[in-house]
Amino acid sequence: MSARREDNPESVSTPPAPRKLVTDAATSARMSKQRRADTAPELALRRELHRAGLRYFVDRPPIKGQRRRADVVFPRLRIAVYVDGCFWHRCPDHATDPKNNAQWWADKLAGNVARDRATDLALTAAGWAVVRVWEHEDPRAAAERITALVKRSEPS
């Protein structure tokens with residue numbers, strides 16, 4: 001009779017313990033205050049879009065069943081708008097590299113960018129227009145760019 005895995009402690013392999021991040025209290029407090037939605041740049045852009053007479057949905061997945069949510073969605077016109085933070089999405093002008101846990105952060109931020117590109121490809125393949133706005137962009141200029149796209153996309 002052969003021994004089952006549970007009965008033989010030598011044959012049971014335990015997964016490696018997850019790598020624990022060492023974070024100082026100030027960093028931990030700052031990161032816990034990061035908002036996922038309704039950030040100041042998002043609100044500023046939405047105010048400008050509303051001022052331009054546009055109506056839209058907020059913080060919603062463009063495609064049903066998709067976990068990735070867009071900040072502003074025009075579902076009938078198939079336009080998804082994302083307001084990307086310079087740190088979290090690696091802005092070419094303002095990205096910074098954390099010194100503590102540098103490799104973990106490098107992997108995390110690279111994953112964010114890869115997910116952004118995969119989202120763009122999936123939406124484009126499904127017939128959506130994707131607009132990316134950096135948090136540092138002037139909200140009025142970004143709203144004008146989006147308004148022009150909306151006007152071009154509306155049926156005649």
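Close-up A. Aspartate 120 is buried, with a relative accessible area of 15% (buried means under 20% relative accessible area, exposed over 50%, and partly exposed in between, using a 1.4 Å probe and protein chains only). The model shown here is predicted: local features need pLDDT of at least 70, side-chain atom pairs count only at pLDDT 80 or more, and totals for chains, interfaces and linings use all residues. Residues are numbered from 1 along each chain as its sequence is written, and side-chain values use heavy atoms, leaving out hydrogens and water. Arginine 117 is the salt-bridge partner of aspartate 120, with 3.3 Å between the closest N and O atoms (a salt bridge is a side-chain nitrogen of Lys or Arg within 4 Å of a carboxyl oxygen of Asp or Glu). Both residues sit in helix H3 (residues 102-125), three residues apart, about one turn of the helix (helices are DSSP runs, H or I, of at least four residues, numbered from the N terminus). Arginine 117 is partly exposed at 38%.

**Close-up B. A salt-bridge network.** Follow the links here among Asp84, Asp116, Arg117, Asp120 and Arg132, which are joined in a network of salt bridges.

**Close-up C. A bridge between helices H2 and H4.** Arginine 140 and glutamate 48 form a salt bridge, their closest N and O atoms 3.5 Å apart. Arginine 140 belongs to helix H4 (residues 139-153) and glutamate 48 to helix H2, so the pair ties together parts 92 residues apart in sequence. Arginine 140 is partly exposed, at 47% relative accessible area, while glutamate 48 counts as buried at 14%.

Key. Helices (H or I, at least four residues) and strands (E, at least two) are DSSP runs, numbered from the N terminus.
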